Structures are given as C-alpha cells and as structure tokens.
Amino acid sequence: MMATTWAVFRRELKGYFNTPLAYIFIVIFLFLTGIFTFYIGSFFVRAQADLRPFFNFHPWLYLFLVPAIAMRLWAEERKSGSIELLLTLPLSLWSTVVGKFLAAWVFIAIALALTFPMWLTVSYLGEPDHGVIVASYLGSILMAGGYLAIGACISAATKNQVIAFVISVVVCFLFTVSGAPIVLDFFAAWAPQTLLDAVASFSFLTHFNAIQNGVIDLRDLIYFVSLILLWLFANLLIVDLKKAS
Amino acid sequence: MDWMIEVEGLVKKFGHLSAVDGVSFNVPRGEVLGFLGPNGAGKSTTMKMITGFMTPTAGSVRVVGYDVDEHPIAAKAQIGYLPEGAPAYPDMTPISFLNFIADIRGMDSTTRRRRLEYVIANVHLEEVLEQPIDTLSKGFKRRVGLAQAILHDPPVLILDEPTDGLDPNQKHEVRGLIADMAAEKAIVISTHILEEVEAVCSRAMIIADGRIVADGTPGELEQQSPLYNAVLIDSQNDGVAEALSSLAKVARVEELSGGRFRAYPADGQSIVAEIADLVRLQGWSTSRLSVEPPRLDEVFRNITRPDTTTTGDNHGGAA
C-alpha cells in the first residue's frame with residue numbers, strides 16, 4: 001500500500017515538471033500573490049510588519065488556481081485512456097487516489113514555499129510575529145488541500161477538463177463564501193444564531209481566518225482534515241462506480 | 001486441468017444494450033486464444049472485465065484461481081494487459097514509464113534489471129528509451145504498451161489488438177514474441193487480422209453481439225467455410241459442369257465467369273484427386289486446377305453476417 005502510493009505520488013509529481021504546466025503555474029501564483037499583497041492589499045501603506053495582506057487573498061487565489069491543477073488529475077487519464085492501465089495494475093484504489101492527491105498537494109506546497117521572500121521582506125522591514133506567519137502558512141496549505149480534494153473528486157466524474165474546472169470553481173466558491181460577510185449578513189437578518197454558525201462553519205474562510213490569528217485550534221485542523229478525507233472518499237467512490245458504466 | 005483463466009456467465013449491460021451476453025470459457029496454460037469479431041462485438045468489453053477495469057453486470061472471472069471481484073489486487077498481479085489503443089503516459093519516456101510499472105508491481109532491483117533488459121531487447125525499444133512517449137510513432141507506442149504488459153513475466157497475458165499499427169516486419173516480430181511465450185502462459189489476444197489467428201493462436205473464438213458463436217482451433221473453424229476443400233478449375237471445354245457434377249464426392253458446381261468452375265465437395269472431403277483424374281480422363285485442357293486455400297474470413301463473415309452471400313470469382317487461390 002505504502003510502496004504503490006509512493007510510486008503513484010512520484011510519477012505524478014514528476015509529471016508536473018515534465019511539462020511547462022508546473023512552471024507556468026508557479027510563475028502565475030507568485031505573480032498574483034505579489035500583486036494582491038503589494039498592490040491591492042496595500043502592504044506598504046499599512047506599515048505593519050505582518051503578512052495579513054498576503055494571506056488574506058489566498059482563498060480567492062486558490063479558488064481558481066487549485067481547480068486548474070485538480071482538473072487534470074483524473075479527467076486527463078480518462079481522456080487519454082491511461083486510466084485503464086492504472087486501474088488494471090495491482091494497487092488499491094486508495095493508493096491511487098491518495099498518491100495523486102498528495103502529489104498535487106505537494107506541488108501546491110512547493111509553489112507556496114516559493115513565496116518565502118515575502119517573509120524575508122517583512123522580517124527585514126520590522127519585527128513580525130513569526131508564530132502567526134508559520135500558523136498562516138500551515139492554514140493556507142490546509143485550505144489548499146481542501147480546495148484540491150474537491151477539485152480531484154469532481155475531476156474523477158468527467159473526462160472533460162473544462163467541465164471539471166468550472167464545476168470545481170463553483171463548488172469551491174460555495175465552500176468559500178458561506179463564511180463571507182455578504183452571505184452571513186443575509187442570514188443574520190432573520191436566521192437564528194445556530195444556523196448562522198452552522199453556515200459559517202462550513203466555510204474555508206471562517207477556519208482560515210481563525211488560523212491566521214495565530215492559534216491553531218484543533219477544531220480548525222479537524223475541519224480541514226475531515227473535509228479532505230470526505231472528498232477523497234467521494235473521489236474513490238466515483239472512480240469505483242465508474243467501473244460499472 | 002489447471003485453468004489460468006475461468007470466465008463464467010459473463011454479462012455486461014449498458015442500459016438496455018448487452019455488450020457481452022453470457023460468455024463462458026476457460027483458458028489453460030500453453031494456449032493462445034484469439035478473439036475474433038466485428039467491431040462492437042464485445043471483445044474489448046470482455047477483456048476489460050477479465051482485467052478488472054470494468055465490473056460485470058453478472059458472471060465471474062477467475063485468474064490463476066483468484067476471483068477478480070473479490071481479490072482484485074492478487075488477480076491483477078497475475079495479469080499483463082495491453083489495453084485497446086495501448087494507452088500510456090504521454091509525458092513520460094519509455095524507460096521512466098517501465099520503471100513506474102516495475103515500482104507498482106513491486107519488482108526488486110535484480111529482477112527489474114533483468115526484465116527491463118529482456119523486454120527492451122525483445123520489443124526493440126533501445127533507440128527511443130529517452131524520448132517522450134508523446135513523440136513516438138504509433139508502432140513504438142504499441143510496443144511500449146506491450147513491453148509494459150510482459151514486464152513482470154505474468155502467467156496470464158491479455159492483449160487487445162497487439163499488432164495494430166505495426167508494419168509487416170514488426171507484426172512478424174510481435175507474433176514471434178507471443179509464440180515464444182505461449183508455452184509458459186495463458187494468452188488471450190483480440191484481432192481483426194485473420195491471418196494472425198492462423199499464425200499465433202492455438203484456439204480461436206468468434207464473438208458476435210456479445211456471444212460466442214464459434215470456438216475451436218483455427219483448422220476446425222476453417223472447415224466451416226463453405227469454400228473448405230472446394231476446387232477451382234479453368235477450362236474452355238464443353239460439358240465441364242455436368243461432368244464435375246457427376247462425381248460422387250462433388251455436392252454442386254458453380255460456374256464462374258470466363259470458363260472458371262468451382263466444385264464444392266460433399267461433407268468437406270477432399271475432391272482434388274478425383275477431379276484431377278477426371279481432367280486426365282476427359283483430356284480437357286486446363287490452365288488452372290487448385291484447391292481453395294483455407295479461408296477463415298469466409299467463416300467469419302458467414303457466422304457474423306449470415307445474411308450476406310460469400311461468393312465471388314476474383315479471389316481464387318494460387319495453383
């Protein structure tokens with residue numbers, strides 16, 4: 001199980017760097033984080049030595065960039081027919097699902113790690129709270145994992161990458177905005193507080209913002225981990241069900 | 001007999017359509033079974049179910065004793081499979097692709113080195129090992145797929161159109177490779193090329209509309225041809241048809257254009273000696289006297305499209 005997961009993981013991760021896709025993704029990711037942080041996020045104007053403007057935009061960045069990575073995970077295999085090869089090799093479906101997911105996740109983590117000059121910049125300019133930054137990075141990668149698990153599952157349901165992308169963005173959008181003020185205000189006017197909390201608790205934003213405060217609450221951790229596992233399980237079910245059709 | 005593949009009552013329905021409709025057969029070690037059939041007959045679907053890619057609607061498959069549904073990983077470890085169209089990962093090179101397969105199949109480094117050497121040499125991949133599979137010709141892609149299938153020296157081989165897209169020399173080589181492995185393994189191939197069945201298969205099965213409609217050695221199937229042991233004769237003399245018809249072993253005589261006649265034997269027996277005697281006795285002048293060559297394609301067409309007649313005078317065999 002471990003060995004086959006590792007084999008799938010290595011093949012997938014290498015696959016990213018065999019094509020220009022990886023480099024394009026990383027360049028776009030770094031470019032956009034830069035724009036968001038310094039231009040829209042008013043990094044310098046705020047004159048505070050923290051990375052809030054940087055992390056604040058991550059959910060919105062991931063909303064489009066992660067489905068772009070996830071859309072090919074299964075759809076491409078279905079389209080090229082290589083899925084027939086993969087699923088007739090002696091490995092469990094879990095190995096395949098987890099190996100693919102981890103490779104994409106690590107790839108996003110590499111892109112995220114390459115934003116380290118931001119950290120160096122604030123450290124040079126002031127005295128940031130490094131604990132908060134570490135927690136925010138952790139929260140950011142957990143959240144990316146959530147978006148990725150959703151995208152991977154939806155990619156398994158179709159062989160059309162564009163469809164996979166669009167549906168993933170929509171679903172990810174729902175999981176993002178359910179914690180945004182615009183949605184919560186709508187509920188706040190009439191709904192009881194428990195419903196409000198329930199809606200908010202489904203959102204990546206709620207949990208990511210909590211982590212960004214520098215405290216990694218077990219509940220936020222459990223939220224992201226269980227969300228990832230749930231979507232990966234759905235991913236596995238879809239691949240398995242498709243064997244019958 | 002120790003069966004390597006046991007297929008029992010296999011059914012696959014897509015909605016109302018039955019792609020495979022109650023297929024049962026067993027394959028022992030040492031047999032090369034050829035699946036024949038028109039496109040959409042259910043050959044590939046049957047293979048997809050044997051290899052565990054598709055879940056059957058009904059029926060079961062056992063590979064070297066392992067039920068594919070209950071013990072998929074154990075069963076799949078016994079199988080080498082070349083899927084239709086020989087899919088691979090286009091961005092990988094053949095050598096990294098084969099190493100990936102070896103990783104998944106858990107091959108240790110000594111076995112891996114030995115087997116990689118063997119398949120690369122026998123499938124002739126030396127010159128393209130470091131090129132992305134994407135950039136390879138159709139023939140090389142097919143050979144990469146074949147290399148992948150035989151890499152772990154499996155007891156069961158399922159090859160969906162292994163020679164499709166290869167040139168005649170490559171076809172010959174791949175058939176040679178299959179023949180070399182035949183004694184040790186149970187091999188199932190599907191093909192459109194009937195000569196391939198005669199060349200490599202010890203057993204042929206014709207599948208049409210999801211059912212097995214004929215099953216036997218290629219020789220046995222050939223005997224079902226209406227042209228089996230029929231004799232062609234060219235003669236301008238008078239009364240040829242009548243004289244031929246009068247022979248006891250001749251069932252009927254067909255007059256083709258240009259003074260050519262075809263005599264069909266009764267019960268498929270050999271009639272060429274009798275006809276040769278007749279020619280000598282009558283003193284006919286003939287420019288041709290030949291037995292129709294074994295024709296699997298006639299059997300194939302007869303069985304899979306029984307409504308069409310299969311005659312014609314433009315494809316007589318060599319004298």
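**Entry 1: A:Leu112**

I began with A:Leu112 and looked up its partners beyond four places in sequence: A:Leu112 touches A:Ser140 and A:Ile141. I note that the model is a predicted one. I then located the residue, and A:Leu112 lies in helix 8 of chain A, which covers residues 93-113. I also looked up A:Ala144, which stands 32 residues away from A:Leu112 along the chain; their C-alpha atoms are 9.8 Å apart.

**Entry 2: the contact between the chains**

I next looked up the contact, to which chain B gives 21 residues and chain A gives 20 residues. On the side of chain B that touches chain A, helix 2 (72-77) and helix 3 (94-104) of chain B each provide at least two residues. I sorted this side of chain B by class and recorded 12 nonpolar, 5 polar and 4 charged residues.

**Entry 3: helix 3 of chain B**

Why is helix 3 of chain B described as largely enclosed by the rest of the structure? I found that 8 of its 11 residues are buried, and therefore the description applies to helix 3 of chain B. The buried residues include B:Pro94, B:Phe97, B:Phe100 and B:Ile104.

I then asked what the buried residues of helix 3 of chain B pack against. They pack against helix 1 (2-18) of chain A, and also against helix 4 (109-123) and helix 5 (138-150) of chain B. Lastly, I recorded that B:Gly106 follows helix 3 of chain B and has a positive phi, near 60°.

Methods:
Residues are numbered from 1 along each chain as its sequence is written. Chains are lettered from A and ligands numbered from 1 in the order in which they are written. This is a predicted model: local features need pLDDT of at least 70, side-chain atom pairs count only at pLDDT 80 or more; totals for chains, interfaces and linings use all residues. Two residues are in contact if their C-beta atoms, placed from the backbone, lie within 7 Å. Helices (H or I, at least four residues) and strands (E, at least two) are DSSP runs, numbered from the N terminus. Ala, Val, Leu, Ile, Met, Phe, Trp, Tyr, Cys and Pro count as nonpolar, Asp, Glu, Lys and Arg as charged, and the others, Gly among them, as polar. A residue is buried if 20 or more other C-beta atoms lie within 10 Å of its own, exposed if 12 or fewer, and partly exposed in between; C-beta atoms are placed from the backbone.
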